[in-house]
Protein chains: 2
Amino acid sequence: MAEMVSNKQVILKDYVSGFPKETDMYITTSSIELKVPKDSNGVLLKNLYLSCDPYMRPRMRNVEGSYAESFKPGSPITGYGVARVLDSENPEFKKGDFVWGMTGWEEYSQITAPHFFKIQHTDFPLSYYTGILGMPGMTAYVGFYEICSPKKGEYVFISAASGAVGQLVGQFAKLLGCHVVGSAGSQDKVDLLKNKFGFDEAFNYKEEPDLNAALKRYFPEGIDIYFENVGGKMLDAVLLNMRIHGRIAVCGMISQYNLDIPEGVHNLMNLIVKRVRMEGFLVPDHYHLYPKFLEIIIPHIKEGKIVYVEDTAEGLESAPSALVGLFSGQNVGKQVVKVATE
Amino acid sequence: MAEMVSNKQVILKDYVSGFPKETDMYITTSSIELKVPKDSNGVLLKNLYLSCDPYMRPRMRNVEGSYAESFKPGSPITGYGVARVLDSENPEFKKGDFVWGMTGWEEYSQITAPHFFKIQHTDFPLSYYTGILGMPGMTAYVGFYEICSPKKGEYVFISAASGAVGQLVGQFAKLLGCHVVGSAGSQDKVDLLKNKFGFDEAFNYKEEPDLNAALKRYFPEGIDIYFENVGGKMLDAVLLNMRIHGRIAVCGMISQYNLDIPEGVHNLMNLIVKRVRMEGFLVPDHYHLYPKFLEIIIPHIKEGKIVYVEDTAEGLESAPSALVGLFSGQNVGKQVVKVATE
């Protein structure tokens with residue numbers, strides 16, 4: 001009989017409407033055997049880092065046909081994370097491997113159908129695989145290069161620009177020679193965009209009563225590429241400022257996730273007037289590009305051409321507040337939860 | 001001195017808000033010399049057919065930065081038409097040529113900078129060059145083949161489906177082997193779609209209190225391609241019913257043209273969930289494809305594989321009511337005004 005250990009877990013109490021609160025989740029302690037059943041094809045993971053991502057908000061609703069399965073009330077939250085394999089009955093993974101992918105918000109997870117990426121480059125902080133080297137990094141890469149068809153010299157606008165994805169999109173765009181402006185929700189974040197990530201300009205959308213006027217100020221020539229992370233009023237203002245043959249990569253709409261009825265967007269006629277392509281994407285469709293992405297990003301990181309800012313919450317107990325904070329913009333950079341050291 | 005003749009004209013009184021009325025225009029009679037000034041590069045046209053098109057509604061506003069110039073209050077309406085060249089100082093056009101392109105709503109027009117297509121195939125009704133062989137035909141061709149990337153067997157939905165553009169998109173889609181459903185605003189039009197144009201299904205949107213439910217009935221598998229002519233509530237319902245990797249060609253939004261503030265569209269999150277590409281286009285960007293289009297469409301017409309329904313108003317005096325009727329769906333098929341016989 002294998003070792004039984006206690007296993008702290010973050011449980012969703014019930015489906016959530018409006019802004020999520022810490023009390024929508026609770027911490028419980030169960031126990032788990034650190035072994036997977038023989039011939040089960042499963043793996044047993046020790047979770048090291050858990051990722052807080054905006055797409056997790058829609059999963060707190062009871063919605064069918066969304067792009068990610070709803071969480072189960074009474075069960076642990078699930079999400080991207082970095083883990084170490086403690087036991088494996090799966091031929092692709094062996095004890096000691098570091099992996100990233102979908103795991104549980106708990107200390108240990110038994111995964112019956114593992115779809116993980118094995119971490120080959122362990123000379124980076126492992127937390128990077130919840131961010132720059134994981135799903136958000138791939139999201140930035142795919143959204144910018146595959147969806148936006150960017151060209152040198154183009155005018156690029158990024159909302160939620162200091163977040164896990166936005167900070168990378170901006171740096172990719174700068175490396176390509178674009179003019180890059182970002183919006184964020186605090187002066188600290190604006191400073192980060194300009195001073196750390198090298199954006200040409202940045203502004204605090206909360207201090208702009210007229211978003212259309214703000215965009216006209218930062219983009220007197222208009223916007224070629226909009227990397228959409230927020231939706232709602234910002235999208236409406238952007239539509240008024242797109243250039244001919246502009247492109248909008250629709251990555252997320254975080255401003256809408258806590259509303260029962262999403263805000264109406266009024267300026268879609270501009271898609272015709274300006275011949276704009278607006279395209280939604282989901283990163284899992286593009287994971288076959290992950291090796292190519294690593295080939296590109298790893299030298300950039302090593303040469304200091306791309307930097308990454310994380311906001312780390314310590315301990316599984318801090319996970320609910322970290323996740324909730326995402327929706328009021330508490331995080332500065334990629335929000336990650338450190339569950340354990342290796 | 002050349003002949004001076006009287007020249008009836010349709011004049012826009014003033015910029016229009018809300019639904020346009022016949023009384024927003026008036027008929028006047030001026031006179032014109034049937035000759036262009038020597039070395040002027042211009043042409044003198046006898047207008048034969050004038051085209052009523054939805055995009056003319058935005059031109060009745062005083063809006064800068066729209067895709068088509070505003071009309072000038074006190075001056076004749078301008079729009080697509082078919083004409084015969086009476087006099088020419090332009091090397092590209094000679095007396096007797098039939099042409100189609102931008103002309104005036106009047107019996108005779110002097111055009112100083114002519115950009116016309118010369119009509120080569122005069123074995124079709126000349127009115128066809130306001131419709132199937134003119135701008136609307138090219139719009140259907142470009143919107144469907146270039147923007148929608150259609151594939152055999154896909155589910156195609158077309159709004160304003162019996163109009164100048166919609167009836168052709170549906171027939172193109174049927175020829176390709178798609179499943180085609182159209183919406184229109186009367187039972188007569190629904191019958192036309194099913195019996196004359198060969199749509200698989202059609203419905204009267206005015207009799208559907210719940211457009212989402214209607215679309216679910218006609219598209220239990222969802223919509224691969226939406227050819228957007230109307231905007232507003234229909235677009236919102238379509239967004240709920242798109243299939244993964246669907247495409248929306250944004251051709252027009254006629255339901256919004258008479259509103260001071262366009263309706264809000266709430267369901268854009270579905271662009272992400274379903275990875276939908278939504279793309280606006282303007283046909284003048286694609287006129288280089290016109291010869292290729294003619295090569296394809298002309299045999300189809302001759303072999304009876306594609307048919308076209310026109311709604312012809314007789315005489316320049318009927319032009320205001322014909323144009324106004326477009327915005328309440330009075331027309332059945334392409335609305336054209338016959339000004340003169342050859």
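A polar contact, as I use the term here, is a pair of N or O atoms within 3.5 Å, where, within protein, one must be able to donate a hydrogen and the other to accept it. I apply it to a predicted model.

**Entry: N47(B)**

I began with N47(B), which I found in strand β3 of chain B, a strand that covers residues 43-51. Is N47(B) buried or exposed? I find N47(B) buried, with a relative accessible area of 0%. I then looked up what its side chain meets, and noted a polar contact with the side chain of S109(B) at 2.9 Å, along with a polar contact of 2.8 Å to the side chain of T103(B). Leaving aside neighbours within four places in sequence, I listed the residues in contact with N47(B), among them V82(B), A83(B), G104(B), E106(B), E107(B) and Y108(B), as well as V339(B) and A340(B). T103(B) and S109(B), the two polar partners, also stand in that list of contacts.

**Entry: cysteines**

Next I looked for disulfides, and the count over all chains came to zero. For C178(A), I noted that the nearest cysteine sulfur belongs to C148(A) and lies 9.4 Å away; because a disulfide needs the two sulfur atoms within 2.5 Å, C178(A) is in no disulfide. C178(A) is buried, with a relative accessible area of 3%. In chain B I checked C52(B), whose nearest cysteine sulfur, that of C251(B), is 16 Å away, and C52(B) is likewise in no disulfide. C52(B) is buried too, at a relative accessible area of 2%.

**Entry: helix α1 of chain B**

How many of the 13 residues of α1(B) are buried? I count eleven, in a helix that runs over residues 135-147 and is mostly covered. The buried residues include M135(B), P136(B), G137(B) and M138(B), and also Y141(B), F144(B) and I147(B). Just after α1(B), I noted that S149(B) takes a positive phi of about 40°.

**Entry: the two chains**

Last, I compared the copies, and found that chain B can be laid on chain A with an RMSD of 0.0 Å by a turn of 180° and a shift of 0.0 Å along the axis. The two copies are therefore related as by a two-fold rotation axis. In chain B, the C-alpha nearest that axis is the one of G264(B), 1.8 Å from it.

Conventions: Residues are numbered from 1 along each chain as its sequence is written. Chains are lettered from A and ligands numbered from 1 in the order in which they are written. This is a predicted model: local features need pLDDT of at least 70, side-chain atom pairs count only at pLDDT 80 or more; totals for chains, interfaces and linings use all residues. Side-chain values use heavy atoms; hydrogens and water are left out. Buried means under 20% relative accessible area, exposed over 50%, partly exposed in between (1.4 Å probe, protein chains only). Helices (H or I, at least four residues) and strands (E, at least two) are DSSP runs, numbered from the N terminus. Copies are superposed by least squares on the C-alpha atoms of residues with pLDDT of at least 70 in both. Contact means heavy atoms within 4.5 Å.
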